[in-house]
Amino acid sequence: MKNGFLVTTLAILAGGYAFAQDASTKTHTESTTKYTGPGTDSKVKTENVHGTVKEYEAGKKIKISGPNGKTFAFDLDEDAKVDGTILVGQMANVSYVKGSDGREHVAIVSAATREAIETAALPKSHTETTVKQTAPGMHDTKVKTETVIGVVKEFDAGKKIVVTGPKSKDYTFDLDENVSMTSPVAVGDRVKVSYQKGNAGEKVTIVARYNGKA
């Protein structure tokens, strides 16, 4: 919270280069956040555009071709943060903020890599399955399996992992000695987490990088 405004943290996709674009990768979102509390109430409008750079003049302006061929133009002042190399023809993200005082400015301009865009386009999923088994002469068994495909939000090696799945819901898994890490992971990676728990309390967790392939 700063000066009565609720500030939204934006993910920055660094680096980048030109390549053919799929229109489905372009997005435009607008949101308005109202803050009521001690002092003066405030309202902040945020606009985010992800598309192809049509024009770019460092420190002055940028034009982005967004969804449905619509062009979005933004003036760049001294407060604009530019991340990565911005080139005409490549993908980029622009975040624009307007406060309740009427002041407008571009908060972030960042380049987007091919890998980041392809990763973002992959679906997120969450499934839960419970299997009960009853057999003569044996104890009844019940095994619960939970699988989440999403993006790593938090990762504390040997302790826990938090994955953002569908509908922006976060799923937390403890990482104990039974965890199997098939590859190194970090915040921002897309992963598949499979968690299994038996009725005797035994647990198995498998964490793997996920590229959309089975």
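In which loop does asparagine 68 lie? Asparagine 68 lies in the loop between β3 and β4. This report, which concerns a predicted model, returns to that residue after an account of the whole chain.

## The chain as a whole

The protein has 214 residues, of which 32% count as buried. Its secondary structure comes to one helix and 14 strands. Among the contacts with a separation of 6 or more, 54% are made by residues 24 or more positions apart. The accessible surface amounts to about 13100 Å², and carbon and sulfur atoms account for 50% of this area.

The average pLDDT of the protein is 76, and 78% of the residues score at least 70. Over residues 1-24, however, pLDDT stays under 50. The model has 47 contacts beyond four places in sequence for this stretch. Where pLDDT is low, the predicted coordinates should not be read in detail.

The largest nonpolar core contains 15 residues. Within this core, Ile62, Ile64, Phe74, Val94, Val106 and Val109 touch the most other members. At least two residues of the core are supplied by each of the strands β2 (42-57), β3 (61-65), β4 (71-75), β6 (91-98) and β7 (104-111).

Leaving aside residues up to four places away in sequence, phenylalanine 74 touches Val49, Lys60, Lys61, Ile62, Val94, Tyr96 and Val106.

## Two aromatic pairs

How many aromatic pairs does the structure hold? It holds two. A pair of aromatic rings is described by the distance of the centres and the angle of the planes. The table sets out these values.

| Aromatic pair | Centre to centre | Angle between planes | Arrangement |
|---|---|---|---|
| Phenylalanine 74 and tyrosine 96 | 6.0 Å | 45° | tilted |
| Phenylalanine 173 and tyrosine 195 | 6.1 Å | 50° | tilted |

In the pair of phenylalanine 74 and tyrosine 96, the phenylalanine belongs to strand β4 and the tyrosine to strand β6, so the pair ties together parts that are 22 residues apart in sequence. Phenylalanine 74 has a relative accessibility of 5% and therefore counts as buried, the limit being under 20%. Tyrosine 96, with a relative accessible area of 13%, is buried too.

The other pair likewise links distant parts of the chain: phenylalanine 173 is in strand β11 and tyrosine 195 in strand β13 (residues 190-198), 22 residues apart. Phenylalanine 173 is buried, with a relative accessible area of 4%. Tyrosine 195 is also buried, at 16%.

Are asparagine 68 and lysine 167 buried or exposed? Asparagine 68, in the loop between β3 and β4, has a relative accessible area of 83% and is therefore exposed, the limit being over 50%. The phi of asparagine 68 is near 60°, a positive value in a residue other than glycine.

Lysine 167 is found in the loop between β10 (160-164) and β11 (170-174). Although lysine 167 is not a glycine, its phi is positive, at about 60°. Lysine 167 also counts as exposed, with 85% relative accessibility.

Technical notes. Residues numbered from 1 in each chain as written. Predicted model: local features only at pLDDT ≥ 70, side-chain atom pairs only at ≥ 80, totals over all residues. Heavy atoms only, no water. Core = buried A, V, L, I, M, F, W, Y, C linked by side-chain atoms within 4.5 Å. Buried < 20%, exposed > 50% of the residue type's maximum accessible area, 1.4 Å probe, protein only. Helix = DSSP H or I, 4+ residues; strand = E, 2+ residues; numbered from the N terminus. Contact = heavy atoms within 4.5 Å. Phe/Tyr/Trp six-rings, centres within 6.5 Å; stacked < 30°, edge-to-face > 60°. pLDDT = per-residue confidence, 0-100. Areas by Shrake-Rupley, 256 points an atom, 1.4 Å probe, with all protein chains shown as cover.
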